[in-house]
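Subject: Structure for your files

Hello,

Here is the structure I said I would pass on. My notes follow below it.

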Amino acid sequence: MILTGGRKVFSVELRSDRDVAIARRRVGDFMKEQGSRELMQARFVTAVSEVARNAVVHGGGGSLGVFSFPDRRLVGVECRDSGRGIADIDAAMVDGFSTRNSLGRGLGGAKRLSDAFEIESRPGTGTVVRLTGLLQTRR
Ligand SMILES: Nc1ncnc2c1ncn2[C@@H]1O[C@H](COP(=O)(O)OP(=O)(O)O)[C@@H](O)[C@H]1O
Ligand SMILES: [Mg+2]
């Protein structure tokens with residue numbers, strides 16, 4: 001589990017697009033507080049927005065937990081919903097796959113913009129997506 005060793009610092013309820021924007025801003029502000037450069041913030045908050053939006057649009061709403069890591073230069077996010085779940089995760093990760101006629105680059109894009117990414121989902125149970133972002137570029 002990619003958030004092992006992390007400590008939850010806050011959470012945001014996700015019911016609407018407005019909450020997605022709030023989550024995006026709060027994660028960005030937290031990264032800034034942690035000394036993250038703007039480029040790293042921009043990448044990670046884009047990934048966070050995609051999974052948060054999925055929880056609202058496809059999962060009927062959910063919640064987002066934000067994690068810090070005492071001895072690692074990382075930020076972590078767990079996005080949960082209790083919606084209908086994803087039957088075929090591998091298919092859902094492929095760019096262009098969408099059950100809603102939208103761009104379908106959300107999950108694939110979120111993974112590419114994250115340092116580590118994991119998704120657990122079962123039809124009828126809901127979906128959990130976890131992602132971490134580096135606070136600084138690796139040297
Ligand atoms: N939280 C979720 N709950 C249920 N299905 C989801 C969830 N997130 C993603 N999906 C499924 O995976 C597909 C691909 O997601 P994504 O790449 O974000 O594309 P889009 O949101 O544009 O359809 C969605 O169309 C949907 O079928
Ligand atoms: Mg999406």
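From the N terminus on, the order of elements is β-α-α-β-β-α-α-β-β. That comes to 4 helices and 5 strands in the protein. The radius of gyration is 14 Å, close to the 14 Å that the globule rule gives for 139 residues, so the protein is as compact as a globular protein of that length. Please keep in mind that this is a predicted model.

On overall dimensions, the C-alpha atoms fill a box of roughly 40 × 25 × 25 Å along the principal axes. Of the 139 residues, 37% are buried. Among contacts with a separation of 6 or more, 66% are between residues 24 or more positions apart.

I then looked at one helix pair. Helix 1 covers residues 17–33 and helix 2 covers residues 38–57. Their axes lie 9 Å apart, and the two helices pack at an angle of about 150 degrees. Angles over 145 degrees count as roughly antiparallel, and helix 1 and helix 2 are therefore roughly antiparallel to each other. Their crossing is right-handed.

Which residues meet there? On the side of helix 1 they are Asp17, Val20, Ala23, Arg24, Val27, Gly28, Met31 and Lys32. Helix 2 contributes Met40, Gln41, Phe44, Val45, Val48, Ser49, Ala52, Arg53 and Val56. By type, the residues of this contact divide into 10 nonpolar, 3 polar and 4 charged. The charged ones include Asp17 and Lys32 in helix 1 and Arg53 in helix 2.

Regards

Definitions and conventions. Residues are numbered from 1 along each chain as its sequence is written. Chains are lettered from A and ligands numbered from 1 in the order in which they are written. This is a predicted model: local features need pLDDT of at least 70, side-chain atom pairs count only at pLDDT 80 or more; totals for chains, interfaces and linings use all residues. Axes are lines fitted to C-alpha atoms, for helices over the stretch in contact, and angles run from 0 to 180 degrees between N-to-C directions. Angles under 35 degrees count as roughly parallel, over 145 as roughly antiparallel, 65 to 115 as roughly perpendicular and the rest as oblique. A crossing is left-handed if the near helix is turned anticlockwise from the far one by less than a right angle, and right-handed if clockwise. Two residues are in contact if their C-beta atoms, placed from the backbone, lie within 7 Å. The radius of gyration is taken over C-alpha atoms; the globule rule is 2.2 Å times the number of residues to the power 0.38. A residue is buried if 20 or more other C-beta atoms lie within 10 Å of its own, exposed if 12 or fewer, and partly exposed in between; C-beta atoms are placed from the backbone.
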